Amino acid sequence: MDLNKSGSVEETIFTNKVNGIRAAYNVADRKIIVSHIGELDQDKVNTISTLVETQMEYLGVSKSAIKKIFNIVIETLQNICIHGEKDNNGYQLTYFIIGKHLNEFTIFSGNIVNTTVAEKLNKRLNSIKSLSDSDLKKQYMDVLSNGELSSKGGAGLGFLTIALKSNNNLDFDFEILNKEYSLFSLQSKVLG
């Protein structure tokens with residue numbers, strides 16, 4: 001997809017979101033480490049996760065921070081692959097960007113979700129954000145030991161894992177694209 005030309009309202013909103021992130025990291029003390037815009041499948045998940053690990057090692061990031069970032073990357077990309085929708089034109093509008101500012105890494109992601117899914121996600125993520133560290137760990141362990149698989153194969157561990165690995169330093173929003181779909185954006189931070 002050419003981010004300099006947009007056609008639909010969905011593409012315009014998506015493009016504005018990605019360009020906003022790029023602009024925020026186009027300054028002296030910030031830089032984009034990894035960026036992927038467009039369709040996402042398992043092969044691309046594998047390629048991106050390998051690239052992230054290589055980049056983090058090259059930057060001299062500690063092993064413990066690499067492990068946290070890698071876990072967030074895998075969960076984020078898997079969520080997009082499994083739950084991302086296509087727009088009305090049949091495109092899977094997704095983005096995945098890692099930005100670095102000083103010793104902090106921010107993982108940005110976005111994908112299209114059905115409006116009813118957006119409402120459930122909003123409720124779920126607000127619930128996770130409201131948890132204390134100990135309650136977050138307890139809920140993670142409860143889901144890990146008792147979790148039942150959803151119709152798409154997940155047990156609900158993805159967002160809990162992201163919250164745990166980022167010390168619950170996550171943010172999210174939903175931008176309405178049309179009656180059917182919203183752009184779900186997630187961002188989490190890890191100190192390197």
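Reader: Which residues of α5 meet which residues of α6?

Author: In this predicted model, L136, K137, Q139, Y140, V143 and L144 of α5 meet L157, L160, T161, A163 and L164 of α6. By class, this contact comprises eight nonpolar, two polar and one charged residues.

Reader: How are the axes of α5 and α6 arranged, and what is the hand of the crossing?

Author: Helix α5, residues 133–146, packs against helix α6, residues 157–165, at an angle of about 150°. Their axes are 10 Å apart, and α5 passes α6 in a left-handed crossing.

Reader: What makes β1 and β4 edge strands of the sheet?

Author: The sheet is open and has five strands in the order β1-β2-β3-β5-β4, with antiparallel pairing. β1 (30–37) and β4 (170–176) each have a single partner strand, so one side of each is left without a neighbour in the sheet. Neighbouring strands of this sheet are turned by 15° against each other on average, direction ignored.

Reader: Why are β2 and β3 called paired strands?

Author: Pairing requires at least two bridges between two strands. Strand β2 (residues 94–101) and strand β3 (residues 104–114) are joined by eight bridges and run antiparallel, so they count as paired. Within this pairing, I97 has F108 in β3 as its bridge partner.

Reader: Which helices lie across strands of the sheet, and at what angles do they run?

Author: Helix α1 (residues 9–24) lies across β1, β2, β3, β4 and β5, running at about 15° to β2. Helix α6 lies across β4 and β5, and runs at about 35° to β5.

Reader: Why is the pair of F159 and F184 called edge-to-face?

Author: Two rings pair if their centres lie within 6.5 Å, and planes over 60 degrees apart count as edge-to-face. The ring centres of F159 and F184 are 6.1 Å apart and the planes stand at 85°, so the pair is edge-to-face. F159 belongs to helix α6 and F184 to strand β5, 25 residues apart, and the pair thus links distant parts of the chain. The structure holds five aromatic pairs. F159 and F184 also form one aromatic cluster with F172 and F174.

Reader: How do you know whether F159 and F184 are buried or exposed?

Author: The cut-off for buried is under 20% relative accessible area. F159 has 13%, so F159 is buried. F184 has 6% relative accessibility and therefore counts as buried as well.

Reader: Is V45 buried or exposed, and which residues does V45 touch?

Author: V45 is found in helix α2 (residues 42–58). Its relative accessible area is 1%, so V45 is buried. Not counting residues up to four places away in sequence, V45 touches L40, L77, Q78 and C81. From N114, V45 is 69 residues apart in sequence and 22 Å apart in space, C-alpha to C-alpha.

Reader: What makes the phi of L102 and the phi of N167 worth noting?

Author: Most residues other than glycine have a negative phi. L102 is not a glycine, although its phi is positive, at about 55°. N167 likewise has a positive phi of about 55° and is not a glycine. L102 has its place in the loop between β2 and β3, and N167 lies in the loop between α6 and β4.

Reader: Why are L102 and N167 called exposed?

Author: Exposed means over 50% relative accessible area. L102 has a relative accessible area of 58%, so L102 is exposed. N167 has 58% relative accessibility and therefore counts as exposed.

Definitions and conventions
Residues numbered from 1 in each chain as written. Predicted model: local features only at pLDDT ≥ 70, side-chain atom pairs only at ≥ 80, totals over all residues. Heavy atoms only, no water. Axes fitted to C-alpha atoms, helices over the stretch in contact; angles between N-to-C directions. Helix = DSSP H or I, 4+ residues; strand = E, 2+ residues; numbered from the N terminus. Left-handed = near helix turned anticlockwise from the far one by under 90°. Contact = heavy atoms within 4.5 Å. Nonpolar A, V, L, I, M, F, W, Y, C, P; charged D, E, K, R; others polar. Phe/Tyr/Trp six-rings, centres within 6.5 Å; stacked < 30°, edge-to-face > 60°. Buried < 20%, exposed > 50% of the residue type's maximum accessible area, 1.4 Å probe, protein only.
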